[in-house]
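Subject: Structure handover

Hello,

Here is the structure I said I would pass on.

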Amino acid sequence: MLSKVFEITGTTPIESYEKGVAAKFTRIDDKWGIKLYRNEYMRDKTYRFQDLAHSIGCAPSLGDKFKVVLPDDREYHGYITECISETFLKRHLNELGLESKSDLSSDEYYNILDEMEDDEEFKILCEEINSIGISTNDMHASNVGYLPNGKLVAIDFSHEHEE
Ligand SMILES: Nc1ncnc2c1ncn2[C@@H]1O[C@H](COP(=O)(O)OP(=O)(O)OP(=O)(O)O)[C@@H](O)[C@H]1O
Ligand SMILES: [Mg+2]
């Protein structure tokens, strides 16, 4: 799988990655994707938290870690992760027949966030993650989503800490 990773990271333009504040993400295939961080400490922390949460069924599974230079000539620290089918936000956008967050009014966006706070599965997910000593401060609607088997999991631990 690592040869596929280097093929993809060598040819994917920087602007094609899905981006958050800390990570870049792209798919390898239907099941697997790549997460990239500029900072090795951040990569190792998110890997460790995701691995712990995965051990109780609350995060996608993980593959190898690696280091790579992207077409911007910068070094990134990455790992392979199982992909979710869609984020909580994406599922709710689809239900409204909308494509992206920018198609939502701010009221509609806040309604989705309210729905997430009231969602029993989301409450249980947070309790379970907290029970293994990891915070859930940044579990917004783009940081949790559904595995292909329908299970709600957390995908982003970059702003979490040990409690
Ligand atoms: N395992 C995954 N499966 C599918 N998509 C993913 C996965 N991990 C990340 N993504 C996509 O990439 C985006 C950015 O990843 P992530 O949320 O980990 O980055 P971040 O920089 O830590 O985000 P934030 O801005 O919330 O701090 C996610 O919102 C999601 O759309
Ligand atoms: Mg995120």
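This is a predicted model: local features need pLDDT of at least 70, side-chain atom pairs count only at pLDDT 80 or more; totals for chains, interfaces and linings use all residues.

Nonpolar cores

The largest nonpolar core has 20 residues. Those touching the most other members are Ala 53, Cys 58, Val 144, Val 153 and Ala 154. At least two residues each come from α2 (40–55), α3 (88–95), α5 (120–131) and β8 (152–154). The largest share is that of α3, with 3 residues. As general background, nonpolar side chains in soluble globular proteins tend to be buried together.

Which residues does Val 144 touch, leaving out those up to four places away in sequence? The contacts of Val 144 are Thr 87, Phe 88, Phe 122, Leu 125, Met 139, Leu 152, Val 153, Ala 154 and Ile 155.

Strand pairing

Strand β5 (residues 75–82) pairs with β3 (residues 32–37) in the antiparallel sense, over 6 bridges. Within that pairing, Tyr 37 has His 77 of β5 as its bridge partner. Strand β4 (residues 62–69) also runs antiparallel to β5 and is joined to it by 6 bridges; here Val 69 is partnered by Glu 75. The hairpin of β4 and β5 has 5 residues between the strands, and in it Asp 73 takes a positive phi near 65 degrees.

Regards

Terms used:
Residues are numbered from 1 along each chain as its sequence is written. Chains are lettered from A and ligands numbered from 1 in the order in which they are written. A nonpolar core is a set of buried Ala, Val, Leu, Ile, Met, Phe, Trp, Tyr and Cys residues joined through C-beta atoms within 7 Å. A residue is buried if 20 or more other C-beta atoms lie within 10 Å of its own, exposed if 12 or fewer, and partly exposed in between; C-beta atoms are placed from the backbone. Helices (H or I, at least four residues) and strands (E, at least two) are DSSP runs, numbered from the N terminus. Two residues are in contact if their C-beta atoms, placed from the backbone, lie within 7 Å. Two strands pair if DSSP finds at least two bridges between them.
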